Amino acid sequence: MSALPPGSTIGILGGGQLGRMLALAAARLGLKAHVYTDVPGGACEVAAAATVAPFEDTARIRAFAENVDVVTYEFENVPLQAAAAAELAAPVRPGSKALAVAQDRLEEKTFISGLGIPVAPFAAVDGESSFDAAMCTIGPAGILKTRRLGYDGKGQVRIKSAGELVPAFESLGRAPSVLEGFVPFAFEVSVLVVRALSGETRFYDIPLNTHRNGILDTSTVPSPLPHEHAARAREIAGAIATALDYVGVLGVEMFYVPDGTEPLVVNEIAPRVHNSGHWTMDACLVSQFENHIRAVAGWPLGETDRHSDVTMTNLIGDDVDQWPALAAEAGVALHLYGKPEARPGRKMGHVNRLRPRR
Ligand code: AMP
């Protein structure tokens with residue numbers, strides 16, 4: 001279980017902004033990044049090497065894995081066959097168990113509730129025969145979500161009465177789905193935990209997350225989550241990481257329900273670095289990206305302590321046009337992802353606004 005020395009190559013499946021920031025963090029430690037992506041640009045621009053090919057091309061994946069020392073991924077929809085092909089030639093961290101669980105909301109909720117951790121009440125919806133049972137379990141108010149490939153509020157429909165279930169299912173293209181009970185949360189938080197090859201876990205402070213049009217808008221630390229609940233939130237995230245025999249950074253999104261019998265309800269997990277951890281790039285000695293690279297390379301974990309208070313704000317679509325003003329603003333760290341076109345809903349960059357720690 002020796003650490004990969006500087007000069008080793010980290011293979012990254014996925015070439016978006018998360019892969020880009022992982023490659024930059026690897027470079028800072030003298031490690032090289034080889035990005036495998038089906039879209040040129042993005043992370044390839046900052047990596048030592050890139051392969052542009054489909055994720056379904058298992059021969060290319062295998063050849064890629066033969067040229068790196070460890071493989072990691074920056075998105076949870078890496079096909080399981082791709083991870084399996086890579087595993088034939090190099091260790092894949094986090095492993096494919098985390099991928100399998102996170103790719104399917106039904107598997108995910110079953111797995112997490114099986115650990116005794118609260119999730120929203122849920123029931124599978126895969127056709128007419130399941131409607132009545134789902135409504136009985138959940139009641140009339142809920143959210144219908146596709147089991148696979150949903151993100152940023154896509155692939156889900158809010159339901160306010162029993163009559164809305166059939167049209168909602170139709171609008172999701174009759175894709176296998178999960179009906180979730182609506183959780184009356186006060187606010188949303190996330191836990192970023194990093195787990196080393198040795199099993200050691202470290203946690204970043206827990207941000208308060210707000211959303212705009214279903215997309216993360218801001219993450220702020222410190223959050224108003226009371227200390228005793230923050231301790232429980234860390235315990236939950238640590239238990240999930242351990243149960244997955246996880247290596248790297250794991251994001252666990254939670255609802256805070258102060259009056260509930262269960263004050264913390266897990267919404268979903270992200271088996272990768274997470275948008276709600278981008279503030280760590282400037283407010284911590286070691287960012288989530290560097291700690292992910294350290295973990296998958298078998299290095300000792302870095303400090304997760306926060307030296308400043310901070311609010312991270314995503315730059316979505318044409319928000320990025322404000323870059324000249326943001327670049328001139330005091331106390332702001334600006335991060336731009338180099339994407340050529342600012343389409344609506346597209347994450348173009350983020351800013352971290354730092355304040356002295358209270
Ligand atoms: P998701 O794609 O599951 O992360 O959901 C996107 C957003 O929808 C969450 O961040 C919440 O704001 C909201 N949401 C999702 N599931 C529920 C739920 N069961 N109850 C209340 N709000 C929810």
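**Domains, sheets and ligand shell of a predicted model**

Proline 222 is located in the loop that connects strand S12 (215–221) with helix H8 (227–243); helices (H or I, at least four residues) and strands (E, at least two) are DSSP runs, numbered from the N terminus. The peptide bond between valine 221 and proline 222 is cis, with omega about 0°. The structure is a predicted model, in which local features need pLDDT of at least 70 and side-chain atom pairs count only at pLDDT 80 or more, while totals for chains, interfaces and linings use all residues. Residues are numbered from 1 along each chain as its sequence is written, and side-chain values use heavy atoms, with hydrogens and water left out.

A cis peptide bond also leads from arginine 93 to proline 94, where omega is near -5°. Proline 94 belongs to the loop between helix H3 (80–87) and helix H4 (96–102). Arginine 174, in the loop between helix H7 (165–171) and S8, has a positive phi of about 55° although it is not a glycine. Most residues other than glycine have a negative phi, and most peptide bonds are trans.

The chain is divided into domain 1 (9–92), domain 2 (121–180) and domain 3 (187–356), with bounds taken from an automatic or database domain assignment. The centres of domain 2 and domain 3, taken over C-alpha atoms, are 29 Å apart.

An open sheet of four strands has the order S3-S2-S1-S4, with parallel pairing; two strands pair if DSSP finds at least two bridges between them. Strand S3 (49–52) and strand S4 (70–73) are the edge strands, each pairing on one side only. Direction ignored, neighbouring strands of this sheet are turned against each other by 20° on average; axes are lines fitted to C-alpha atoms, for helices over the stretch in contact, and angles run from 0 to 180 degrees between N-to-C directions. Strand S1 (residues 9–13) is joined to S4 by four bridges in the parallel sense, and leucine 13 has tyrosine 73 as its bridge partner in S4.

A further open sheet consists of four strands in the order S5-S8-S6-S7, with antiparallel pairing. Strand S5 (122–125) and strand S7 (156–159) stand at the edges with a single partner strand each, so one side of each has no neighbour in the sheet. S5 and S8 run antiparallel and are joined by four bridges; alanine 124 stands opposite valine 178 in S8.

Strand S17 (residues 347–356) pairs with strand S15 (residues 308–316) in the antiparallel sense over nine bridges. Serine 308 has proline 356 as its bridge partner in S17. S17 is also joined to strand S16 (residues 332–336) by five bridges, and these two strands run antiparallel. The bridge partner of alanine 333 in S17 is asparagine 352.

The ligand is surrounded by 15 residues, of which Lys145, Gln156, Glu180, Val183 and Glu188 are the closest; a residue is near a molecule or strand if one of its heavy atoms lies within 4 Å of it. By class, the shell has five nonpolar, four polar and six charged residues, where Ala, Val, Leu, Ile, Met, Phe, Trp, Tyr, Cys and Pro count as nonpolar, Asp, Glu, Lys and Arg as charged, and the others, Gly among them, as polar. Domain 2 (121–180) and domain 3 (187–356) both give residues to this shell, so the ligand lies between them.

An N or O atom in the side chain of glutamate 180 is 2.9 Å from a nitrogen atom of the ligand. A nitrogen atom of the ligand also lies 2.9 Å from a backbone N or O atom of glycine 181. For asparagine 267, a polar side-chain atom lies 3.1 Å from an oxygen atom of the ligand. Taken alone, the ligand exposes 480 Å², of which the protein buries 90%; accessible areas come from the Shrake-Rupley method with a 1.4 Å probe, and for residues only the protein chains shown count as cover. Two or more residues of the shell come from each of strand S6 (142–146), strand S8 (177–181), strand S13 (248–256) and strand S14 (264–270).

Terms used
A polar contact is a pair of N or O atoms within 3.5 Å; within protein, one must be able to donate a hydrogen and the other to accept it, and residues adjacent in sequence count only if both atoms are side-chain atoms.
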